[in-house]
Amino acid sequence: MVHFVGAGPGAVDLITLRGYKLLSEADVIIYAGSLVNKEQLNYAKKGAEIYNSAHMTLEEVIEVVKRAEKENKVTVRLHTGDSSIYGAIREQIDVLKSLNIQYDVVPGVSSFCGAAASLNAEYTLPNVSQSVIITRMEGRTPVPERESIRSFAAHKSTMVLFLSSGLTEKLSKELIAGGYEKDTPVAVVYKATWPDEKIYRCTIESLPQTMKDNNITKTALILVGNFLGNEYERSDLYNPKFTHEFREGIN
Ligand code: SAH
């Protein structure tokens, strides 16, 4: 059995109880060493075999799983944040399926949730934005043309950029070309929820310089949009005049 477990964004205790339990019982742990907090491996039981997938290919990961299966061992595949976001789990799942190996997926706290918490922010403010676009700049991994930053920018919604810290000159230009005002607020959250987390606030225009000045080249999220500003409307949900399923409004 293989359990894909979301490790959370960095802070050791931001793993789910279910993930923690599986991690502490696993015979074999394959963790994404480039981003998973190694201190979480202290949750492993004594004698667990531990592999860092940062140095491994998909084929090597599968070899470890196959060996574990032969010995009737339980494997935890520990992915950073939540494995549904840039986690490369689909390709692993498809191989496991073809090998008839059982698996399941345990969700995790994605770094985009960790970053919002660090900022005490709400992505979906009434009358500001009711949508969050999660995307990335095209790097070595291609992004379909129809998902260009420029086209998404036209919505002026909340935008969260993963994997884009090294590409902010182009990012900034594309965001402005697409429709955001150049003074739209931006927050860069470096290592959200880690002990060495850092937060930098700037605008779309000053983003590239902010990245340069602070030497941020990886492990950061770039959050864009007026949800970082000071204007919004209060929600209907908690408005005394608003009636809904659980509460009668007063007029
Ligand atoms: N599955 C992960 C994302 C993996 S892609 C998740 O749900 O968070 C790797 C990218 O995620 C990094 O380049 C960075 O953009 C972002 N990232 C991961 N952990 C982060 C953290 N603690 N703080 C800021 N960004 C993080």
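**Figure 1. Residue types around the largest cavity of this predicted model.** The residues of the lining divide into 7 nonpolar, 2 polar and 1 charged. They are Val2, Phe4, Ile30, Val61, Ile62, Val65, Thr75, Arg77, Gln92 and Leu96. The volume of the largest cavity is about 40 Å³. How many cavities of 30 Å³ or more does a search of the whole structure find? The search finds 1.

**Figure 2. Elements that supply the lining of the largest cavity.** At least two residues of the lining come from each of strand 1 (2–6), helix 2 (58–70), strand 4 (75–79) and helix 3 (90–98). Which helix gives the most to this lining? Helix 2 does, with 3 residues.

**Figure 3. Glutamine 92 and its contacts.** Glutamine 92 is a residue of helix 3 and one of those lining the largest cavity. Is glutamine 92 buried or exposed? The relative accessible area of glutamine 92 is 5%, under the 20% cut-off, so this residue counts as buried. Leaving aside residues up to four places away in sequence, glutamine 92 touches Phe4, Leu58, Val61, Ile62, Arg77, His79 and Gly87. Among the residues that line the largest cavity are Phe4, Val61, Ile62 and Arg77.

**Figure 4. The open sheet with strand order 3-2-4-1-5.** This sheet has 5 strands, and their pairing is parallel. Which strands stand at the edges? Strand 3 (49–52) and strand 5 (103–106) do; each has a single partner strand, so one side of each is left without a neighbour in the sheet. On average, neighbouring strands of this sheet are turned by 20° against each other, direction ignored.

**Figure 5. Strand 2 beside strand 4, with helix 2 packed on the sheet.** Strand 2 covers residues 28–31 and pairs with strand 4 in the parallel sense over 4 bridges. Opposite tyrosine 31 stands leucine 78 of strand 4. Helix 2 touches strand 1, strand 2, strand 3 and strand 4 as it packs on the sheet. The direction of helix 2 makes about 165° with that of strand 2.

**Figure 6. The open sheet with strand order 6-7-10-8-9.** Here 5 strands form the sheet, and the pairing is mixed. Strand 6 and strand 9 (198–203) are at the edges, where each has a single partner strand, so one side of each is left without a neighbour in the sheet. From one strand to the next, the twist averages 20°. How do strand 7 and strand 10 run, parallel or antiparallel? They run antiparallel and are joined by 3 bridges. Valine 160 has leucine 223, in strand 10, as its bridge partner.

**Figure 7. Helix 4 across strands 6 to 10.** Helix 4 lies across strand 6, strand 7, strand 8, strand 9 and strand 10, and runs at about 65° to strand 10. Which residues of helix 4 (residues 111–118) are buried? They are Ser111, Phe112, Gly114, Ala115 and Ala116. An α-helix has 3.6 residues a turn, so residues three or four places apart point the same way. The buried residues of helix 4 pack against strand 6 (132–136), strand 7 (158–162), strand 8 (185–190) and strand 10 (220–224). After helix 4 comes asparagine 120, with a positive phi near 50°.

Technical notes: Residues are numbered from 1 along each chain as its sequence is written. This is a predicted model: local features need pLDDT of at least 70, side-chain atom pairs count only at pLDDT 80 or more; totals for chains, interfaces and linings use all residues. Side-chain values use heavy atoms; hydrogens and water are left out. On a 1 Å grid over the protein atoms alone, a cavity is a set of points where a 1.4 Å probe fits but cannot get out, and a pocket is an open set with protein on both sides within 12 Å along at least five of seven lines; lining residues have an atom within 4 Å of a point. Grid points are joined across faces, edges and corners, and a volume is the space filled by probe spheres set on the points. Ala, Val, Leu, Ile, Met, Phe, Trp, Tyr, Cys and Pro count as nonpolar, Asp, Glu, Lys and Arg as charged, and the others, Gly among them, as polar. Buried means under 20% relative accessible area, exposed over 50%, partly exposed in between (1.4 Å probe, protein chains only). Contact means heavy atoms within 4.5 Å. Two strands pair if DSSP finds at least two bridges between them. Axes are lines fitted to C-alpha atoms, for helices over the stretch in contact, and angles run from 0 to 180 degrees between N-to-C directions.
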